[in-house]
Amino acid sequence: MSADSQAWTDLAVGPDACLRATHLEDGVVRLQYHLGDEQGTDRSHAVVARRPVDGPPPVRMDGDVVVITDAGGTTIAEIPSSGLSSSGQRRDMAFVYPHGERTFGFGEKAGKLDHRGRVLRFWNTDSFMYDRLTDPVYKSIPFWIGVRDGRAYGVLIDNPGRISVDCGAWEQDRLRVRTETGALDLYVVPGPDPLDVVRRYTALTGRPALPPRWALGLHQCRYSYHPAARVNEVARGFREHDIPCDAVWLDIHYMHGYRCFTWDPDGFPDPQAFINSLHDDGFKVVVMIDPGLKVEDTYHAYAKGREADAFVKMPDGSEGHGTCWPGPCAYPDFFSPATRVWWGELYRTLVEAGVDGYWNDMNEPAVFDGPGGTFPDDTVHQTEDGPVAHAEVHNAYGHEMVRATRDGIAAMRPGKRPFVLTRAAYAGTQRYAAAWSGDNFSSWDDLKHAIPMALNMSASGFPLYGPDVGGFAGAPSPELFVRWLQAAAHLGLMRVHTCLGSPDQEPWSFGEPWTSCAREAIRTRYRLLAYIYAMVHDAARNGTPMIRPLWMEWPHIPHLAEREDCWMLGYGLLVAPVLEPGVTRLNVSLPPGRWHTFPDGRPLRTDGCEATVDAPMDRIPVLARGGAIVPWLEPGRNSDDTGSDVLRVKLFAGGHGNFTLVEDANDGPPDGGGPRRDIAVNLHSESLHHIVTVEAPVGEHVGTVRALDLELHGLPGPPDQVMRDGVPAAARSHPATRDDPDGWAWDTEVCSVRMIVPVDALPVRIEFSHPPLPTAESRPALVARATDDPDAPWPEGGGVHLAGGDHVVQSSWWAARDVEAMVQARWTPQVLQVRCVVADADRAQTENDQEDGIRLVLEVPDGVVHVRIGPDGRSWVREDLYWAPHGRIVADVRADAGGTVYRFDVPAAVLGPPELDTGLTCGCDLAVQHSDRDGSRAIVEWVRGYSAPERPGGVLKLV
């Protein structure tokens with residue numbers, strides 16, 4: 001026990017070596033590999049919360065294997081003593097790597113989502129036009145999440161020097177860590193839930209910085225917008241094309257000869273007036289700052305830095321120089337506390353001119369004529385612990401630069417959250433800056449590998465991260481540009497950026513129809529801003545990832561870990577971007593649970609499957625999970641322009657969920673504080689009973705939302721009863737308004753209930769109830785008799801009658817009427833035949849030129865098949881809404897004197913063998929369908945014929 005009451009265990013792992021294990025809060029275990037009398041340092045660039053707890057750590061020796069467990073005694077990791085070795089400054093550690101364990105995280109790594117089978121290197125590198133095989137790239141975050149048997153754990157290697165990790169490439173049963181210099185210092189983070197691993201990791205290394213709300217909108221950038229008139233032209237284009245945008249960015253040409261903290265006097269003669277004009281039109285301004293300062297005595301930044309002795313040194317004590325954009329440069333030594341203070345003060349002229357955000361680039365550091373494009377290994381940095389060679393801290397250089405940047409801006413603007421973007425990063429950099437994926441290329445392959453990069457960065461603590469939309473180098477096709485925008489609308493950061501000399505890449509640059517498609521993608525981002533803003537608050541407070549690979553939500557389902565072409569946006573939305581040219585339909589892996597199309601809320605098949613969904617050029621598939629709660633805004637010109645004080649909130653039946661709406665000044669103190677108002681919305685959804693509760697507002701902020709427009713999707717039909725705080729609510733024919741909030745309305749087009757709830761009437765509890773559905777035991781059987789002749793005449797009579805009458809749902813334009821059908825069935829070795837004879841067929845035409853049809857529901861072993869057929873024989877089935885497991889269902893429709901006859905032929909493979917001991921039970925119900933003749937709109941009006949006592953419905957049995 002040390003003087004500060006820290007508990008540790010020293011485990012002998014060699015003749016002159018030990019592994020010191022220390023127990024920290026959250027069940028984290030620190031492992032330090034010591035040789036002889038080595039004395040390491042406790043100073044860390046990554047770790048901010050190394051809080052010990054009393055008692056021995058959950059580590060033991062089992063033979064010659066070091067075993068780390070969680071609080072419940074479950075093994076997290078195993079390290080054989082034979083896997084610990086050293087040579088000079090090098091240290092090696094090998095973990096037991098079971099077959100089937102997957103490895104995620106490691107920050108920004110091009111390539112696949114799962115790193116198993118790769119050797120990864122950590123050394124921040126300027127990687128222009130990298131591809132999926134390039135390693136390393138700009139960021140080094142040596143933190144991984146291991147997942148096996150549905151359980152997760154994490155490991156942070158806290159060493160900012162050269163590291164390599166072999167994820168079973170040389171030995172499949174070993175994961176090997178190697179550090180070239182410095183300490184071998186690790187932190188093992190328990191789960192077992194992957195989300196908890198990330199939360200504990202960000203508690204250890206610092207929660208992500210809370211951005212101002214405008215940082216979540218669209219950002220427009222290029223290398224470079226110059227002069228000021230061109231910037232104004234671009235800004236004006238967004239307003240003229242009615243496309244939301246929050247910020248325009250200035251690359252290095254805004255500077256005077258690439259000198260940081262200066263303005264080009266010809267291109268930007270009056271920076272403050274220029275910025276004020278953009279502010280007046282609703283734009284923020286972000287400027288680039290590089291670390292390299294031109295060596296020039298008359299240049300104020302260099303002169304002050306030399307006076308302050310702020311630059312890195314060579315071993316002989318001379319000032320270290322290298323070449324970057326302005327020519328010979330000196331580089332600030334950000335490891336020195338005094339240098340960080342000096343650097344932060346340099347931003348004053350930009351802050352006073354009104355600049356809103358700061359882009360720290362080239363901070364790996366990139367040195368054009370340096371060895372490997374960076375500083376020599378023996379460059380000297382001055383730290384709190386004394387001088388240290390660059391080789392030992394290289395990966396933290398950009399980390400300390402953005403720390404100095406953020407601290408300086410925060411001191412000058414204590415009431416505003418700094419927004420800083422960085423190209424280089426280390427573990428823990430999330431507490432200072434957002435990040436982007438560097439200089440990518442305009443190709444479909446770059447769009448593809450941008451997705452696993454973003455997902456692994458999210459798993460490594462970075463909620464605000466994204467690629468250059470459209471690609472930095474090269475020129476995207478109009479289709480690629482639109483598809484990239486659509487994907488980025490659902491990532492943490494949405495910034496369009498392109499290279500010097502490339503074609504224009506503003507959202508309207510490709511003309512129609514691409515401008516409209518781009519506008520819709522960007523407007524989708526703004527519709528989701530309240531949802532995204534709440535999630536970044538949660539990330540800043542609790543470390544919860546905003547974008548999540550499917551394995552993070554369903555770690556126990558192995559095949560979902562392989563999906564790197566889709567992700568979850570928060571708890572509720574599954575995003576499936578288009579990643580190939582010419583694709584307008586996608587196969588999407590649906591995890592378990594109920595799913596709905598988003599935002600319209602049409603139901604998809606449940607219980608997990610591959611669903612085929614539409615992906616027209618103006619949108620990508622986004623699906624809502626049962627239990628999801630998603631606010632849906634009407635976009636204005638930027639993130640502050642919401643346009644209405646009534647917030648639409650979409651809820652999706654089929655699960656339980658919660659969401660907390662966060663309102664504040666959209667900005668605030670750098671620590672994320674300031675007045676705010678939270679409104680919690682909860683959904684408890686069973687098949688026939690749904691409860692929505694909205695809590696009273698909590699917090700001091702006044703807020704702008706005056707009412708919530710609740711919209712519950714995915715119901716089996718209009719509720720029979722709606723109770724509001726225990727009092728029945730009346731049905732009405734149209735949605736309520738804030739000034740007329742009473743009652744509820746049924747939306748027949750998307751099968752949803754809408755109700756207005758004023759904020760000043762909260763809290764509220766709303767219950768939606770449906771009558772119990774008949775069970776197989778309580779409904780007479782429709783028997784499908786076996787026959788060898790599929791063309792034999794159908795017998796007269798028999799079957800089951802379904803009827804409507806009073807059970808037909810009312811709508812504002814359609815009167816109740818009686819609809820009857822007789823249903824018969826028979827079985828052949830190849831096909832199940834179901835015949836529905838609808839009486840009084842001439843009543844299938846309405847004055848609105850709508851059509852009726854039949855809906856057959858077959859509850860088959862691996863799913864539910866829904867078939868909808870119109871009287872003209874045209875199927876109204878959309879494969880993205882209704883799914884047939886093994887084959888399509890064929891319908892033959894004809895009319896005779898007795899009515900309209902529908903015959904459905906269902907392939908036997910869909911249903912499985914009929915020889916089941918108890919028979920195979922299927923539901924067969926009648927519904928009336930309404931559709932425009934061109935098929936552009938379909939409305940389901942349910943006929944609960946089976947609930948009529950005198951004419952009960954039936955179930956289908958194969959015998």
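Helices (H or I, at least four residues) and strands (E, at least two) were taken as DSSP runs and numbered from the N terminus. The structure is a predicted model, in which local features need pLDDT of at least 70 and side-chain atom pairs count only at pLDDT 80 or more, while totals for chains, interfaces and linings use all residues. Residues are numbered from 1 along each chain as its sequence is written, and side-chain values use heavy atoms, with hydrogens and water left out.

On this basis the protein has 14 helices and 63 strands. Of its 959 residues, 61% are buried, where buried means under 20% relative accessible area, exposed over 50%, and partly exposed in between (1.4 Å probe, protein chains only). The protein exposes about 34,700 Å², of which carbon and sulfur atoms supply 50%; accessible areas come from the Shrake-Rupley method with a 1.4 Å probe, and for residues only the protein chains shown count as cover. Contact was defined as heavy atoms within 4.5 Å. Among contacts between residues at least 6 apart in sequence, 70% join residues at least 24 apart.

Helix α11 spans residues 514-527. Its 14 residues reach 20 Å from the first C-alpha to the last, close to the 20 Å expected at 1.5 Å a residue; the expected span is 1.5 Å times one less than the number of residues. Eleven of the 14 residues of α11 are buried, so the helix is largely enclosed by the rest of the structure. The buried set includes the arginines R519, R523, R525 and R527, together with T515, C517, A518, A521, I522, T524 and Y526. These residues pack against helices α10 (478-488) and α12 (529-542) and against strands β17 (218-220), β31 (494-496) and β39 (629-632). In the loop between β31 and α11 lies P513, which is joined to E512 by a cis peptide bond with omega of about 5 degrees.

Two packed helices are described by the angle between their axes and the distance between the axes. Axes here are lines fitted to C-alpha atoms, for helices over the stretch in contact, and angles run from 0 to 180 degrees between N-to-C directions. Helices α10 and α11 pack at an angle of about 10 degrees, with their axes 8 Å apart. The two are therefore roughly parallel to each other, given that angles under 35 degrees count as roughly parallel, over 145 as roughly antiparallel, 65 to 115 as roughly perpendicular and the rest as oblique. From α10, the residues P478, E479, V482, L485, Q486 and A488 meet W514, C517, A518, A521, I522 and R525 of α11. By class, this contact has nine nonpolar residues, one polar and two charged. Ala, Val, Leu, Ile, Met, Phe, Trp, Tyr, Cys and Pro count as nonpolar, Asp, Glu, Lys and Arg as charged, and the others, Gly among them, as polar.

Helix α10 also packs with α9 (residues 444-459), the axes of α9 and α10 coming within 10 Å and crossing at roughly 10 degrees. That makes α9 roughly parallel to α10. Here W444, D446 and L447 of α9 meet E479, L480, R483, W484 and A487 of α10. The residues of this contact divide into five nonpolar, no polar and three charged.

Not counting residues up to four places away in sequence, S458 touches V198, P545, M546 and I547. In helix α1 (residues 194-205), Y201 is buried, with a relative accessible area of 0%. The C-alpha atoms of Y201 and S460 are separated by 8.2 Å, although the two residues are 259 apart along the chain. Leaving aside neighbours within four places in sequence, Y201 is in contact with I141, F143, L156, V189, A427, G428, S460 and G461.

Further backbone features occur in loops. The peptide bond from D135 to P136 is cis, with omega near 0 degrees, and P136 is placed in the loop between β10 (119-122) and β11 (139-140). D26, in the loop between β2 (17-23) and β3 (29-35), has a positive phi near 65 degrees in a residue other than glycine. D26 is partly exposed, with a relative accessible area of 41%. Phi of D725 is likewise positive, near 55 degrees. D725 lies in the loop between β46 (721-724) and β47 (727-728) and is partly exposed, with a relative accessible area of 46%.
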